[in-house]
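Take a moment with the model before reading on. Turn it around and look for the spaces between its helices. Then follow the text through it.

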Amino acid sequence: MVDVTFQPNRVVQPRTARKRASLQTALKRKSTMAFLMTLPLILLIALLVIYPAFYSLHLATLNKSMQRFIGFGNFQFLFKRETFWLVVQQSCIFALTAVFFKALIGFIVAHFVHNIPAKGQRKWRGMLLVPWVIPPAMSTLAWLWLFDPSYSAFNYLLAGFGVERIPWTGEAGWARFSVILVNIWFGAPFFMIMYLASLKSVPDQLYEAAAIDGANWWQRIWYVTLPMMRNIIAITTLFSLIATFANFDIVRVLTAGGPLDHTHIFATWAFRIGIEGGDIPLGASVSLFMVPILAIAAIFILRDINKRGNEA
């Protein structure tokens, strides 16, 4: 007779050992460690971003008194208002124009600083980052004085050249130009420092090889610098686009949405309707409308980055 008595230790111990080994293997993976290291940040984002986002969705489905569910009633009401479509148009013009010029100026200034000898770069980096370091509301107050209709420093300088007084914040076209200019002044240093870091990672051997092949200055930028910086340019542009669409303090301090709502963007108009007007659900609906716009931009930019990563 063969002893076939069930002995649980012979089965459980190898299984337990395999589980421990798989757990240790998982902890040794870089992806697992990266997730554990970023878990506190993920929880913080969930608390400060995801929960308010879902709460805004809930508010957008309520009536003005927030006591009755009305579904998409707030959005249907917004679609019938001309001011809403004016805000959509102004937000897109504001964001796209500001981001384009911030990227362009940041790229030019980054090349300027990159070509300075190493000893002088620290001083220039510090000075050029000052606009980005100062809180936007505080720096916009200085710009408000520069644009003052009675004591404008810009108008004083232009008067010396015989140029008539410009209504910087009193006329719709100039008011739009003013808020875009201030946003460019504030955001261009961020592009500069990101592009400067990317330029320092481009190998000098590529430029030397291009010079040997007879490439001029513009060809070296187009065929060497830009391809090596495309991912940084795309990510920086996406981040700045999100921040610019959600900008509040520059427009609020400089023009408060005037004249006649011609400089309102999503954030300021949502504040006007929701907080000052007392219709919080309608204000939440306005702020949520920028989500699909930014989602479409993010999909195209991130898909392009992923495509280039697969090709590499």
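How many cavities of 30 Å³ or more does the count come to? It comes to one. This is a predicted model, where local features need pLDDT of at least 70, side-chain atom pairs count only at pLDDT 80 or more, and totals for chains, interfaces and linings use all residues. Residues are numbered from 1 along each chain as its sequence is written, and side-chain values use heavy atoms, with hydrogens and water left out.

Some terms come next. The search runs on a 1 Å grid over the protein atoms alone. A cavity is a set of points where a 1.4 Å probe fits but cannot get out. A pocket is an open set with protein on both sides within 12 Å along at least five of seven lines. Lining residues have an atom within 4 Å of a point. Grid points are joined across faces, edges and corners, and a volume is the space filled by probe spheres set on the points.

Start with the largest cavity. Its volume is about 60 Å³. The lining is made by Gln-90, Ile-93, Phe-94, Arg-176, Val-179, Ile-180, Thr-263 and Ile-265. By class, the cavity lining has five nonpolar residues, two polar and one charged. Here Ala, Val, Leu, Ile, Met, Phe, Trp, Tyr, Cys and Pro count as nonpolar, Asp, Glu, Lys and Arg as charged, and the others, Gly among them, as polar.

Now move to the pockets. The largest pocket has a volume of about 390 Å³. Its lining has 15 residues. Nearest the centre lie Ala-103, Leu-104, Phe-107, Ile-108 and Leu-226. Helices α4 (82-114) and α11 (217-245) each supply at least two lining residues. The classes are 13 nonpolar, two polar and no charged.

The second largest pocket holds about 320 Å³ of space. Among its lining residues are Leu-48, Pro-52, Ile-242, Met-290 and Leu-294. Two or more lining residues come from each of α2 (30-60), α14 (280-288) and α15 (290-311). Which element gives the largest share of this lining? It is α2, with five residues. This lining has 10 nonpolar residues, two polar and no charged.

Next, look at the rings. Rings of Phe, Tyr and Trp (its six-membered ring) pair if their centres lie within 6.5 Å. Planes under 30 degrees apart count as stacked, over 60 as edge-to-face and the rest as tilted. The count comes to 29 aromatic pairs. Take Trp-143 and Phe-147: their ring centres are 5.7 Å apart and their planes are at 35°, so this pair is tilted. Both Trp-143 and Phe-147 are buried. Buried means under 20% relative accessible area, exposed over 50%, and partly exposed in between (1.4 Å probe, protein chains only).

Trp-174 and Phe-177 also pair. Their ring centres are 5.7 Å apart, but the planes stand at 90°, so the pair is edge-to-face. Both residues lie in helix α9 (residues 172-200), three residues apart, about one turn of the helix. Trp-174 is partly exposed, because its relative accessibility is 34%. Phe-177 is partly exposed as well, at 40%. Elsewhere, ring pairs link Phe-79, Phe-84, Trp-85, Phe-245, Phe-266, Trp-269 and Phe-289 into a cluster.

Finally, follow the backbone. Most residues other than glycine have a negative phi, and most peptide bonds are trans. Gly-258 and Pro-259, however, are joined by a cis peptide bond, with omega about 0°. Pro-259 sits in the loop between α12 (249-254) and α13 (266-276). Leu-260 is in the loop between α12 and α13 too. Leu-260 is not a glycine, yet its phi is positive, about 55°. Is Leu-260 buried or exposed? It is exposed, because its relative accessible area is 74%. Asp-261 also lies in the loop between α12 and α13. The phi of Asp-261 is positive as well, near 65°. Asp-261 is partly exposed, at 25% relative accessibility.

One more loop residue is Asn-247, between α11 and α12. Asn-247 is buried, because its relative accessible area is 9%. Not counting residues up to four places away in sequence, Asn-247 touches Phe-94, Asn-183, Ile-265 and Ala-267. Contact means heavy atoms within 4.5 Å.

Methods. Helices (H or I, at least four residues) and strands (E, at least two) are DSSP runs, numbered from the N terminus.
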